[in-house]
Amino acid sequence: MLREAGYSILERDGKAAVEEAAKVILSNVWDIVDVRCVTCGKKSRRSIVHVLASSWRHGDHCPHLDISDLIRQHTEFFAAHGLARNFDGYAKLTQPVPAICLNCGAERRISLSALAQNAQPCLTCAKSIDPDSPHLVYLIHFPELELMKVGITNTEDRRYNRIKAHVKQRGTLIETVIVPNREAAFTVERYVLNRVLEYRQGATARHLPQGGWTETWHDSAPGFDLPAIVRLLERENAPGFDRSNRLEMYFEDEPITSEELASFVKTQDIQVGSDIVTVIGIMADREEILREVRRRRMSK
């Protein structure tokens with residue numbers, strides 16, 4: 001029974017006991033003996049009674065196997081988010097553990113549940129992501145799980161790519177749309193999730209080890225047209241889509257001055273025939289300039 005449960009009985013010197021020696025070591029079902037799991041190699045002390053009591057494990061009786069498998073899954077989960085899990089043992093889902101960013105090498109402590117809730121894997125790298133830069137909203141279908149997912153990501157070229165992580169887990173990218181900033185991306189995401197409340201279901205890390213299961217719903221729900229949603233939210237001046245209006249209103253009473261604009265002016269001399277022509281241009285779009293000027297004013 002111990003052997004069928006995946007154990008080899010050990011002698012005092014730690015070697016596997018042969019048939020006759022094993023019979024001497026284990027004389028009845030209550031004897032607790034030294035054993036080694038033939039799958040993971042871990043040593044423990046077991047009796048036949050222990051094996052019978054753990055029959056619900058469907059033949060997998062080693063107490064270390066599940067832990068080892070969970071540790072492996074957690075390590076893979078961290079790696080999928082661009083982090084090297086710097087912790088040898090098992091930790092609860094909510095327990096922050098040391099990790100190292102595979103992109104910049106920065107150290108931090110973060111839990112698996114935090115990563116699953118779309119927390120930034122690396123705070124150092126996150127600082128370089130401009131919340132005012134364009135962000136992407138995407139829809140992904142997981143046919144085998146019968147799940148749809150909405151998510152957001154920045155449009156910068158970074159080591160950790162959320163969409164690629166989902167596709168690697170057999171997700172099919174359905175649609176994407178680019179919005180002007182992170183706040184607008186969250187607005188679109190919330191709009192979609194509010195529309196599918198009755199189809200939401202309890203996906204877990206087991207279903208989506210790469211994270212993001214809280215933004216899923218059953219694929220029997222009606223579909224979405226992301227560009228149409230963005231146009232609707234733009235017309236409604238929803239959060240994130242109203243930034244241009246707020247910027248313009250800020251400068252209504254005190255317009256931008258020529259001195260403030262000067263730092264955004266770029267000049268270049270170009271030779272045209274025997275003449276030198278000076279070309280004057282602006283090196284940023286209007287919203288970016290207004291946003292930066294406002295920041296400079298408020299920082300004084």
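In the predicted model, E248 is partly exposed, at 33% relative accessibility. The side chain of E248 meets that of R286 in a salt bridge, with an N to O distance of 2.9 Å. R286 is exposed, its relative accessible area being 55%. Because E248 belongs to helix α9 (residues 243-250) and R286 to helix α11 (residues 286-299), the pair ties together parts that are 38 residues apart in sequence.

The side chains of R297 and E260 meet at 2.8 Å, N to O. R297 is buried, with a relative accessible area of 16%, whereas R286 is exposed.

Another salt bridge joins E144 to R170, whose closest N and O atoms are 3.0 Å apart. This pair links distant parts of the chain, 26 residues apart: E144 is in the loop between β7 and β8 (147-154), and R170 is in the loop between α6 (162-168) and β9 (172-179). Both partners are exposed, E144 at 60% relative accessibility and R170 at 57%. The count of salt bridges comes to seven.

Two aromatic pairs are present in the structure. In one of them, the ring centres of W217 and F224 are 6.0 Å apart and the planes stand at 85°, so the arrangement is edge-to-face. W217 counts as buried, at 2% relative accessibility, and F224 likewise counts as buried, at 16%. The rings of Y250 and F251 are also edge-to-face, because their planes stand at 80°, with centres 5.0 Å apart. In this pair, Y250 is partly exposed, with a relative accessible area of 32%, while F251 counts as buried at 7% relative accessibility.

The largest nonpolar core comprises 23 residues, of which F77, F78, L83, L115 and W213 touch the most other members. Two or more residues of this core come from each of α3 (63-80), β5 (97-101), α4 (112-116) and β7 (135-142). The greatest contribution is that of β7, with four residues. Leaving aside residues up to four places away in sequence, L83 touches F78, A99, I100, C101, L102, I110, L115 and P121. A second, separate core holds 22 residues, among them L139, A184, V192 and I229.

On the surface, I270, V272, V277 and V279 form a nonpolar patch, with about 280 Å² of accessible area together. Strands β11 (265-272) and β12 (275-282) each supply at least two residues of the patch. I270, which lies in strand β11, is partly exposed, with a relative accessible area of 35%.

Overall, the protein has eleven helices and twelve strands. Of its 300 residues, 37% count as buried. The accessible surface comes to about 18,000 Å², and carbon and sulfur atoms account for 52% of this area. Among contacts with a separation of 6 or more, 55% are between residues 24 or more positions apart.

Conventions
Residues numbered from 1 in each chain as written. Predicted model: local features only at pLDDT ≥ 70, side-chain atom pairs only at ≥ 80, totals over all residues. Heavy atoms only, no water. Patch = residues over 30% accessible without salt bridge, like charges linked within 9 Å, V, L, I, M, F, W, Y side chains within 5 Å. Areas by Shrake-Rupley, 256 points an atom, 1.4 Å probe, with all protein chains shown as cover. Salt bridge = Lys/Arg side-chain N within 4 Å of Asp/Glu carboxyl O. Buried < 20%, exposed > 50% of the residue type's maximum accessible area, 1.4 Å probe, protein only. Core = buried A, V, L, I, M, F, W, Y, C linked by side-chain atoms within 4.5 Å. Contact = heavy atoms within 4.5 Å. Phe/Tyr/Trp six-rings, centres within 6.5 Å; stacked < 30°, edge-to-face > 60°.
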